[in-house]
Amino acid sequence: MAPEQVRCSRSVDIRADVFSLGATLYKLLTGEHYRAIDASACIDRLPVGVSPELRSVIQRMLASNPDDRFATPHEVSMVVKPFAESANLAALLEQAVGGNTSREDIDNQPAVLRNVRSDHGAENNRQTRHAARDSGFGRRRITARAASLAGLLLLGIVFYVTTDNGQLVVQSEIDGVQVFVKRGAEVADDFRISTEGKTTRLRSGEYTIEVPDAEINQVHVDRNHVTLSRGGREVVRITRLEAGESVPGHPAAASAAHRRSELTVLETDLQQNLSNDPYDVQVKSLRERFVDYRHRHYGTSESVKAARLMATLPWPADALRREEIDQSALQTAGHGDAANAPAELVAVLGDGKMQHWLAPNTVGFSPDGKSVVSIGSNGTLREWDAATGEQTSPVQVLGYFESRSALSPDRSRVAIAFWNTILLLDRRTGEQRELLDLQQGRIEYLMFSPDGERVVVGGDDGHVRVIDFDGGSVVRSFRAHDGEIYRVAFSPDGNSVASAARQGPIKLWTLDGELKGELPGFRQDLLVLKFNPAGDKVVARYFDRTLKIFDVASRTCQHTVLGNGEKLWAAGLAFSPDGKLVASQDRVGVKIWNVETAKVETVLSPVRADTEGLEFSPDGARLVVAGGEEVMIWDVLTGQQINAQPTAHRGRVSSIDVSAGGDVIAAATGISAKGAEKSIRLWDLRSRRLIRSWDENAVQTNAGGVGWTNKIAFIPGRKELATAFVNVTLWEADTGSLLATLLPRGPNQMHLMAVEPRGRYVAGGSAQCVFIWDVKTNELIRRIPIVDVPGASSMTFSTDGNTMIIGRNDGLITFWDLGTGKPGHVLPHESLVTALAVSPDGSLLASVGHGHTIRLWDVATGALHHTLGAHSTDGYPRFWNQLASVAFSPDGSLLASSAFDGMVRLWDPRTGAQLKSISLCPAYGLISEVRFTPDGRHVITANGNGTVYVLRLQSRGN
């Protein structure tokens, strides 16, 4: 044991293994145990035949200070190699542990290795040595090297290492033993012995097989075998087979036959007269057997065939009926008309009422207070019934991503600004006009005059511009500030304008550009600015959470009120119609203040996002709030939300998955730049009801950090869920209890996640690094740094789980061997790679770029098979062609893709032909993920309106 292991185990690293290797070599050379407490004397006892060079190597390996040792075992092997030419290491190791090795074996060692204690005799060992020389082992110089320690796991099976002249079969009684196959100093392959066989083809040559992590104290060599054992238990056996030869009764040799036999039994049971009820006990049991079979043999041709057979069984999704969908949900899916909802839609999980993808930045009541209009930063306008929350008219797609907007007081006119362009829309006539290149730089804010005839605009060129709506032209422009104008506001009489930069005084102007006066400035950034209905006061909200009320006549600040919570970069502000109340948003919710006393009268909570969208109803009794992706209506007097939907997803559903049994849908809500709710929700597909949910607070408390739910997935073969928040977190699906929080090294926040197809590993990805953990032990087993590029943007495991495939922000796709940590293929996509998927048979990789194409690659060769020109931009805003997700069906016969345009498209991956497109209300945009159910006949989608849709692609037997 290395000295630092005795002192403090937390400081131990791989250099402790270097010490152990040194102690082992010392034992081989002297026949004695090395004693660190008597280091000098021990080194002096090295045999005379040990050269000064090797003596120096051993002394460095056994240095008490880790910094004085070799850095890695690999470095040791390179230094020691010249001393071990033509050595019979097996005989030396057997001698060191007390085996019967002959004097002739010892005498044939290089001089530097001869002085080892030995027992004489044993002619059988001489015969073994010569037999090994005459066999394929001798010609290939296959040696077994053992380092110290390692965890020995379950029942292992077999791996084949295939050369041109036969095979090397590597097997073990112990699952998880790691084996390296090297050609010289280079690793040709690296794998762990497990319950699934693997074949690696190598060209002819000399190879070294290393077993670095298994504790071994016995080595036995005969004509065609090398056996490494510990305490009489076989750890690794290496068998050489001639071409075409097989090992009778060998588990791996029989595995394909065994899979076929097992599948035949399942197929026979499938032919029985089964019930059509998906919840029948016999049907459910057979489904579970098929699922277990696919899990154990995933990636094989038999597993793919099993997937096709599974499709003929009754599944929970078969029980879903379109007629049971709420009419309002059909209306939403049908772009405001239930008749236009896609025929494939058979279930809606969650409630999409008053959900508005990408945070509405403008909301308002109609003059009669019966409806609410909202405009999202994705350039869409919606109108809702204020009493029921149902959409009352088709969504209007106005265009422009991350836009700013304004509504006229009567809600008949709309102005939307994107960068330096403004779109004017008359909702009554449908007439639109664009003002292009209005100014230098970005338009920061715009507002209608009280009569709706003019629009005032402020931007980062320091100018205030007044636009005539009907004429579509700038009628007045004047320089108001030296720098960026962050807010502008019309006075209630429409005769003056207030403007403010981020810092400094608030300036008051006539419409002719004459400066009327200034209100005191502050060193904090100003976020929002409003006149009260009487026009005698101005209220401003600042980054430091303060709310300031100014008197226009005296040009003084009358009240300064400190808000609660964190500092904000956006904040809503609204006056009641009588001017007595002002509403402002804080992290704790929306506070309603008395203007005269500056006291809080009501707090509306929780409101889950920063927003600029606040407005009182015409009678002052209600307040509409744009919170995250949701539009909420509150009773001002009681502080209660009127349109609360307790089972609805609050905000966009970002990720989904289906349980192995096909009866539970897991959905993650979040990833909003405006800070929408982050939650996990489980839905029962039979009842379409919410089973269980975790909210943001639970995640923050249990998972050790505040973040967003970016990915969610069931772990195959286990009743567990994995989620990516700040960390990768494992949950018990049945109870929702926390199982483990997998913490990355350093300041890495996990925004990517992938689960290995057999459920052995889970990977979390940050922009700079990908981490892979063992699900059973929760140990970090591999760290893949993403250096010299902007970062990782997507990732997935190969079908056999031995390779991590990473999509990057620079458009490259890289393959990484998890055993060696070394890169393989590098494939070029045209832009940032947003999603990856591997076909169930492991032959194809589908990659999605930040454009509108899907590429299909050959996994083995890296060759490009097809480029699919997926989602058209015709008729949609330019950003809506961005693809979001791609998924293979369980049997690999279909490929599904989703995008910002609200479409699901189905493809034939063999030919690249598009088979079908399904519109799911494109105005909601962003179907974050698409997934197949285990039967392959249904698809689920994660939607921007807070719902999950279930689509039936095929009926059972069709």
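# A tour of the predicted model

The mean pLDDT of this protein is 79, and 75% of its residues reach 70 or more; pLDDT is the predictor's confidence in each residue, from 0 to 100. This is a predicted model, in which local features need pLDDT of at least 70 and side-chain atom pairs count only at pLDDT 80 or more, while totals for chains, interfaces and linings use all residues. Residues are numbered from 1 along each chain as its sequence is written, and side-chain values use heavy atoms, with hydrogens and water left out.

**First stop: H2 and H4**

Select residues 15–30, which form helix H2, and residues 52–61, which form helix H4. Helices (H or I, at least four residues) and strands (E, at least two) are DSSP runs, numbered from the N terminus. H2 and H4 pack at an angle of about 135 degrees, and their axes are 8 Å apart. Axes are lines fitted to C-alpha atoms, for helices over the stretch in contact, and angles run from 0 to 180 degrees between N-to-C directions. The angle makes H2 oblique to H4; angles under 35 degrees count as roughly parallel, over 145 as roughly antiparallel, 65 to 115 as roughly perpendicular and the rest as oblique. H2 passes H4 in a left-handed crossing, a term for a near helix turned anticlockwise from the far one by less than a right angle, clockwise being right-handed.

Now show side chains. On H2, display Val18, Phe19, Leu21, Gly22, Leu25 and Leu29; they meet Leu54, Ile58 and Met61 of H4. Contact means heavy atoms within 4.5 Å. This contact of H2 with H4 has eight nonpolar, one polar and no charged residues. In this scheme Ala, Val, Leu, Ile, Met, Phe, Trp, Tyr, Cys and Pro are nonpolar, Asp, Glu, Lys and Arg are charged, and the others, Gly among them, are polar.

**Second stop: H11 and H12**

Move to helix H11 (residues 281–296) and helix H12 (residues 301–310), whose axes come within 9 Å and cross at roughly 155 degrees. That makes H11 roughly antiparallel to H12. Their crossing is left-handed. From H11, pick Phe290, Val291, Tyr293 and Arg294, which meet Glu302, Ser303, Ala306, Ala307, Leu309 and Met310 in H12. The residues of this contact divide into seven nonpolar, one polar and two charged.

**Third stop: two sheets**

Strands of a sheet pair through backbone hydrogen bonds, either parallel or antiparallel. Four strands form an open sheet in the order S28-S29-S30-S31, with antiparallel pairing; two strands pair if DSSP finds at least two bridges between them. Select 526–531 for S28 and 556–562 for S31: these are the edge strands, each pairing on one side only. S28 pairs with S29 (residues 537–542) over five bridges, and Leu529 has Ala540 in S29 as its bridge partner.

Next comes an open sheet of four strands in the order S32-S33-S34-S35, also paired in the antiparallel sense. Its edge strands are S32 (573–575) and S35 (600–604). S32 and S33 (residues 581–586) pair over three bridges, where Phe575 stands opposite Val582 in S33.

Finish at residues 696–709, where pLDDT stays under 50 and the model has 32 contacts beyond four places in sequence. Over residues 873–881 pLDDT also stays under 50, with 24 such contacts.
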